[in-house]
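Thanks for asking me to look over this model with you. Keep the picture open while you read, and find each residue as it comes up.

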Amino acid sequence: MRELYRRYRRPLLAYAMRAVGGDHQRAEDIVQETLLRAWRNADTLHPDHAGPWLYTVAKNLVISGYRRQSARAAEIPIEGTDALRAEHPDEFDRVLQGWQIAEAMRSLSRDHRAVIVELFYRRRTVTEAATALGIPAGTVKSRSFYALRALRDALEERG
């Protein structure tokens, strides 16, 4: 393992930096996870033949990261005076907003609420949410679409 680390740490970091557009933190995380997986598979890896395997693992981690990012709904910017309030919310506004969201969530069906909780509160990917809920990934996608629309409507009704 020390030989693998010594030989591949820097080239893997350079590869990961290019793959993630220069995000040093993400690149370090990818290298760390790649080498951790190598350590877990140390009994089957030979230092002289591990390079292609390490780069494949790193590439798959980059791809998984991009998929995880694209599984999230796009954020909508807050305009006008709400933007100023959102930048410096006081405790009362934060608590009030939490109550409003909780009340609006209670108006959703159980299935829609479960999908919202898995995707946005537990920050799972569509595949992970599907596994946790025991439903197909396509069902998670469609439920999240309709759940977000119902949640938006419920929040608009409450002002």
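The numbered points below go from the whole chain to its parts.

1. First, some ground rules. This is a predicted model, in which local features need pLDDT of at least 70 and side-chain atom pairs count only at pLDDT 80 or more, while totals for chains, interfaces and linings use all residues. Residues are numbered from 1 along each chain as its sequence is written, and side-chain values use heavy atoms, with hydrogens and water left out.

2. Now the overall plan. The chain has eight helices and zero strands (helices are DSSP runs of H or I with at least four residues, strands are runs of E with at least two, and both are numbered from the N terminus). Of its 159 residues, 24% count as buried (buried means under 20% relative accessible area, exposed over 50% and partly exposed in between, with a 1.4 Å probe and protein chains only). Among contacts with a separation of 6 or more, 56% join residues 24 or more positions apart (contact means heavy atoms within 4.5 Å).

3. Next, look inside. The largest nonpolar core has 17 residues, and L4, L12, I30 and L54 touch the most other members (such a core is a set of buried Ala, Val, Leu, Ile, Met, Phe, Trp, Tyr and Cys residues joined through side-chain atoms within 4.5 Å). Helix 1 (2-19), helix 2 (24-40) and helix 3 (51-70) each supply at least two residues of this core. In soluble globular proteins, nonpolar side chains tend to be buried together.

4. L54 lies in helix 3, and it counts as buried because its relative accessibility is 0%. Leaving aside neighbours within four places in sequence, L54 touches L4, Y8, L12, T34, L35 and A38.

5. Is N60 buried, exposed or partly exposed? N60 is partly exposed, with a relative accessible area of 39%.

6. Let's move to another pair of helices. Helix 6 (residues 110-121) and helix 8 (residues 137-157) pack at an angle of about 100°, with axes 9 Å apart (axes are lines fitted to C-alpha atoms, for helices over the stretch in contact, and angles run from 0 to 180 degrees between N-to-C directions). That makes helix 6 roughly perpendicular to helix 8 (a label for angles of 65 to 115 degrees; under 35 is roughly parallel, over 145 roughly antiparallel and the rest oblique). On the helix 6 side, the residues are D111, H112, V115, I116, L119 and F120, and they meet V140, R143, S144, Y146, A147 and L148 in helix 8.

7. Helix 7 shows two sides. V126, A129 and A130 are buried, and they cover an arc of only 100° around the axis, which puts them on the same side of helix 7 (the arc is that of the directions from the helix axis to the C-beta atoms). What covers these buried residues includes helix 6 and helix 8. On the other side of helix 7, T127 and T131 are exposed.

8. Finally, a backbone detail. R123 sits in the loop between helix 6 and helix 7 (126-133) and has a positive phi near 55°, though it is not glycine. Most residues other than glycine have a negative phi. R123 is exposed, with a relative accessible area of 57%. After helix 7 comes G134, whose phi is also positive, near 70°.
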